[in-house]
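Reader: I would like to learn how to read a few features of a model, one at a time. Please give the general idea and then the case.

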Amino acid sequence: MMRWWLALDSYAQKLSTQVCKYRHTALTSTYTDALDTGMYAGHIQIGADLMIPKENDSYSFKGLENKERKKKRLLLLIVASLIGALNGQSYAYGVEQSDLLKLYAHSRIINYEQFKCFDALITKESNWRVDAKNGSHYGLGQMRNLNYKKLDGFTQVDWSIRYITKRYGSMCNGWRFFKAKGYH
């Protein structure tokens with residue numbers, strides 16, 4: 001007598017070789033009952049013939065008529081179309097560098113009003129383009145320092161915040177000065 005857990009390996013091999021060619025066939029209750037009976041008896045006979053559903057079995061997918069298959073496909077298509085229509089179209093938008101720089105700047109400027117002033121100032125100066133150039137002025141904050149144009153966008157944000165805070169005291173004071181004079 002062989003223990004059922006030892007027979008599982010050979011059972012899986014026999015099952016894979018004999019049943020895999022019928023993988024589109026539904027398992028009938030007779031088929032599953034035959035397997036369960038063998039397991040509950042405490043052993044599986046390795047040489048026993050498995051009950052494999054035949055092509056003309058009433059539970060077989062191959063036994064369905066073409067009309068029934070077409071009806072099921074049409075129903076599936078209608079359901080999928082309705083689900084798509086109800087969910088609406090979702091477009092994937094990429095995150096641009098300007099969005100990341102704004103998020104970074106807002107993490108450095110906690111007050112929302114001050115951030116809005118800084119955003120307006122940088123938008124007016126460079127439109128959040130790191131490689132912006134206006135004569136001898138470079139980067140986000142349009143500074144003259146040659147090292148400034150070599151910096152990445154996040155460091156340019158830090159330098160701009162430091163410059164505006166040191167010169168004007170706050171971002172909104174810098175924005176007011178810009179609106180009055182046209183430069184900062």
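**Reading charge, rings and contacts**

Author: We begin with a place on a helix: K70 lies in helix α3, residues 66-87. Keep in mind that the model is predicted.

Reader: Is K70 buried or exposed?

Author: The general idea is a cut-off: a residue is exposed when its relative accessible area is over 50%. K70 has 58% relative accessibility, so it counts as exposed.

Reader: Which residues gather with K70 in a patch of positive charge?

Author: The patch on the surface is formed by K67, R69, K70, K71 and R73.

Reader: Now the rings. How many aromatic pairs does the structure hold?

Author: There are 7 aromatic pairs. One of them joins Y112 and F115, with 6.4 Å from centre to centre and 35° between the planes, a tilted arrangement. The general idea is that planes under 30 degrees apart count as stacked and those over 60 as edge-to-face, so the rest are tilted.

Reader: Why are Y112 and F115 separated by about one helical turn?

Author: Because the two residues are 3 apart in helix α5, which covers residues 112-126.

Reader: What is the geometry of the pair Y148 and W159?

Author: The ring centres of Y148 and W159 are 6.0 Å apart and the planes meet at 40°, so this pair is tilted. The pair links distant parts of the chain, the residues being 11 apart: Y148 sits in the loop between β2 (137-138) and α6 (153-168), and W159 sits in helix α6.

Reader: Is Y148 buried or exposed?

Author: Y148 is buried, at 0% relative accessible area.

Reader: Which residues form an aromatic cluster?

Author: Y168, F177 and Y183 form one such cluster.

Reader: What separates the C-alpha atoms of A132 and Q142?

Author: The distance between those C-alpha atoms is 7.6 Å, while A132 and Q142 are 10 residues apart along the chain.

Note on methods: Residues are numbered from 1 along each chain as its sequence is written. This is a predicted model: local features need pLDDT of at least 70, side-chain atom pairs count only at pLDDT 80 or more; totals for chains, interfaces and linings use all residues. Side-chain values use heavy atoms; hydrogens and water are left out. Rings of Phe, Tyr and Trp (its six-membered ring) pair if their centres lie within 6.5 Å; planes under 30 degrees apart count as stacked, over 60 as edge-to-face and the rest as tilted. Helices (H or I, at least four residues) and strands (E, at least two) are DSSP runs, numbered from the N terminus. Buried means under 20% relative accessible area, exposed over 50%, partly exposed in between (1.4 Å probe, protein chains only). Patches are made of residues with over 30% relative accessible area and no salt bridge: like charges are joined within 9 Å, nonpolar side chains (Val, Leu, Ile, Met, Phe, Trp, Tyr) within 5 Å. Accessible areas come from the Shrake-Rupley method with a 1.4 Å probe; for residues, only the protein chains shown count as cover. A salt bridge is a side-chain nitrogen of Lys or Arg within 4 Å of a carboxyl oxygen of Asp or Glu. Lys and Arg count as positive and Asp and Glu as negative; His and the chain ends are not counted. The place of a charge is taken as NZ of Lys, CZ of Arg, CG of Asp or CD of Glu.
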